[in-house]
Amino acid sequence: MGFGDLKTPAGLKVLNEFLADKSYIEGYVPSQADVAVFDALSGVPSADLCHALRWYNHIKSYHKEKGSLPGVKKPLSQYGPAGVEDTTGAAPAAADEDDDDDIDLFGSDEEEDEETKKIKEERLAAYNAKKLQIACVVEDDKVGTDQLEELITAFEDYVQSMDVAAFNKI
């Protein structure tokens, strides 16, 4: 991922193409991702890069709120289209990786990946074992509770059993 070097015309072109159908770098609101990319630019994109220029002017209008925008600012190489090699700051990124080895906030280690899958399967099994609860008020003259129970349990593929937790009649 990445835009390449955003200080070069090639990097700006990749950014322009990326923003052709997007208003922001990530999501649907301005975020720290936009701030990170904005700060990496050397100046205003040229007029022929209309999407990058539109985005630049829009993010520039948030200059007072930059610190309060949602999200966490990540390295520039984490943003942008897939398949583009990021050439900005390759040496500092290697130094940062050594510092980040002790804490993995996103669970990308393969050992944890297996544990995560196991936990996820256990939670899904527990969720599927729970019964669905539906609240309804029955008007006794129109529908009987026995009829309602028969109609619900008729979905044999989805309903194993039915219990009445509370009883309201009008």
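Q: What is the order of the elements from the N terminus on?
A: In this predicted model, the elements run α-α-α-α-α-α. The secondary structure comes to six helices and zero strands.

Q: Why is Q32 called buried?
A: Buried means under 20% relative accessible area. Q32 has 8% relative accessibility, so Q32 counts as buried. This residue is found in helix 2, residues 32–40.

Q: What makes the Q32 side chain and the backbone oxygen of K66 a polar contact?
A: The cut-off for a pair of N or O atoms is within 3.5 Å. A polar atom of the Q32 side chain lies 2.8 Å from the backbone oxygen of K66, a distance within that cut-off.

Q: How do you know that D39 and K66 form a salt bridge?
A: The nitrogen and the carboxyl oxygen must lie within 4 Å. For D39 and K66 the N to O distance is 3.3 Å, so the pair qualifies.

Q: Which residues are linked with D39 in a network of salt bridges?
A: The network links D39, K66 and K73. The side chains of D39 and K73 meet at 3.2 Å, N to O.

Terms used. Residues numbered from 1 in each chain as written. Predicted model: local features only at pLDDT ≥ 70, side-chain atom pairs only at ≥ 80, totals over all residues. Heavy atoms only, no water. Helix = DSSP H or I, 4+ residues; strand = E, 2+ residues; numbered from the N terminus. Buried < 20%, exposed > 50% of the residue type's maximum accessible area, 1.4 Å probe, protein only. Polar contact = N/O pair within 3.5 Å; in protein donor to acceptor, adjacent residues only side chain to side chain.
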